[in-house]
Each structure stands twice: as structure tokens, then as C-alpha cells.
Amino acid sequence: MSDMTRDTRPAAPPRRRVLAMGAAMLATSAAAWWGRPQRPDDAQPLALDQIVPTRFGRWVVDQRSEAFVQAPETLGRVYGIYDRVLERHYLDERGERVMLSMAYGGEQSEALQVHRPEVCYASSGFRVGPVSRVTLPVAGRQLPARQLHAIAPGRSEPVTYWVVLGDEVLADDGQMRWRRVSAGLRGELLDGLLVRVSSLHRDAGNGYRVHATFAADLAAALAPQWQPRILGRA
């Protein structure tokens, strides 16, 4: 019997194979990086408090009301989904009051959805009437919007709102899903904005008329470079 023992360790792969495997791994990593959705070059984060004037048309911010912008770096992620929220109360010379709320999210993925007011109001105990689709003539465009009447004991609040994904106003959830999918296929990462205008009116029709005037005045006061982000493309 021979005193020699057989070496059962696996043979080292040839150097050429090791180099090929390394190159493949690097290529895969690079492809994954390049394949990640990227934000369009012109899609700057929205500094809502700087974009939206405190005085425009016949409207001025009520200094007695709370006016603020919440940001994740100071107060944590707003409502768990949004990056920034602007809330202001505006008054006109006749004492008409309008509440403006803008909620901005930098990444509108499946995990970061725009919260519809009809859902939020209902979850807060309001009775929410049917949601109607309307168009608002603002800044030379027809802005697709939704209107609803939220009612709670002692409070009647008509609401008008619209949703912008990237630079497109979307009228329904189906359009939003398709917009996200098509953008993802192009490798784009879209941000989203929900703009809500509401007031306290017993007659919802009167409230909606005030909202339309307010939206038109706001649109006219926005700087041209911000109109597509707040109102969608013309």
C-alpha cells in the first residue's frame, strides 16, 4: 500500500474563468444601477412655501391661522408618506376663507401613494358625498379636478382637489397606475403632488364657485416654470 494520500480539495478554477466571473458580476451590478428609475433632470423638489405666494389676486394669508411647511429633516416624514406639506388659510376682502393644502412626495412608487381626500375624510369620521369630476379653467388650460362634500356634526366642507404626477394631472386611479408603469419602463422616477382647496360652506355649490375663483387666481400668480408642476402641462 502506498503511503501517499490523495488530495481531495477541489482544483482552483483557471485564472481566465475567475476574471470572466468577476467581469460578469461587475456588468450585472452596473446594469442594475443603470436600470434603477432616475428622476428627470428638470424635476426639482418642490419648495412649496417659496413657490406659492402668500398674497395674490384678492387673497392674502390669514396671519392668525397656522401656515407651515413640514419637512422630513425637521419633523419626520409627514403623515408617513409625504416629503412636504404646505397648509395655509387665505382670506379675501369680503372675509371669504379658503383652506389650501399641498402634499408633495418625491417618489410616487407603489409604497408611496397619494391619499385621496374622499378616503381621508371618511376615515376621520366625515360623511362623504359622491365624488364629481370637473374641469377648472386656469392659466390657459382645462384642469381636471374632483369635488366632494364632506359633512360632520357642525361642519360642512366642500372640497376641490387635483393630483399631479410628474407634470401631468391625472383624473383617476387607472391613469395614475398607467402613468407610473409607463414611466418605470422608461426608467423615470416621478414625484407627485396633491392640491386640495376647501372651505366651510353649507351650500356646496357656493363653495365650489369660490374654489374655482381661488384656483384661477393661484394659477395666475405662479411663476411660469412652476405651473406644469402645480397645474400639469398646458
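Gly 106 counts as buried in this predicted model, at 6% relative accessibility; here buried means under 20% relative accessible area, exposed over 50% and partly exposed in between, with a 1.4 Å probe and protein chains only. Gly 106 sits in the loop that runs between strand S5 (97-105) and helix H4 (117-123). Helices (H or I, at least four residues) and strands (E, at least two) are DSSP runs, numbered from the N terminus. The C-alpha atom of Gly 106 is separated by 6.5 Å from that of Asp 83, with the two residues 23 apart along the chain.

A word on how to read the values: the model is predicted, so local features need pLDDT of at least 70 and side-chain atom pairs count only at pLDDT 80 or more, while totals for chains, interfaces and linings use all residues. Residues are numbered from 1 along each chain as its sequence is written, and side-chain values use heavy atoms, with hydrogens and water left out.

Strand S2 (residues 59-61) holds Val 60, which is partly exposed, with a relative accessible area of 26%. Between the C-alpha atoms of Val 60 and Arg 97, 37 residues apart along the chain, the separation is 9.7 Å.

Attention now turns to Ala 139, found in the loop between strand S7 (132-138) and S8. Ala 139 is not a glycine, yet its phi is positive, at about 45 degrees. This residue is partly exposed at 31% relative accessibility. Its C-alpha atom is 8.6 Å from that of Leu 231, a residue 92 places away along the chain.

Within strand S8 lies His 149, a buried residue with a relative accessible area of 18%. The side chains of His 149 and Ser 156 make a polar contact of 2.6 Å; such a contact is a pair of N or O atoms within 3.5 Å, where within protein one must be able to donate a hydrogen and the other to accept it, and residues adjacent in sequence count only if both atoms are side-chain atoms.

The cavity search, run on a 1 Å grid over the protein atoms alone, takes a cavity as a set of points where a 1.4 Å probe fits but cannot get out, with lining residues having an atom within 4 Å of a point. The count comes to 1 cavity of 30 Å³ or more. The largest cavity has a volume of about 50 Å³, a volume being the space filled by probe spheres set on the points. Its lining includes Arg 116, Arg 133, Tyr 161 and Trp 162. Strand S8 (141-152) and strand S9 (155-165) are the elements that give two or more residues to this lining.

Helix H6 (residues 204-221) has 18 residues and reaches 26 Å from its first C-alpha to its last, close to the 26 Å expected at 1.5 Å a residue; the expected span is 1.5 Å times one less than the number of residues. Among the buried residues of H6 are Tyr 208, His 211, Phe 214 and Leu 218. Down the axis of H6, the buried residues fall within an arc of 165 degrees, so they line one face of the helix; the arc is that of the directions from the helix axis to the C-beta atoms. Arg 209 and Ala 220, on the other side of H6, are exposed. At the N-terminal end, Asp 203 caps H6, with a side-chain oxygen 2.9 Å from the backbone nitrogen of Gly 205.

Terms used: 1 Å grid on protein atoms, 1.4 Å probe; cavity = no way out; pocket = protein on both sides within 12 Å on 5 of 7 lines; lining within 4 Å.
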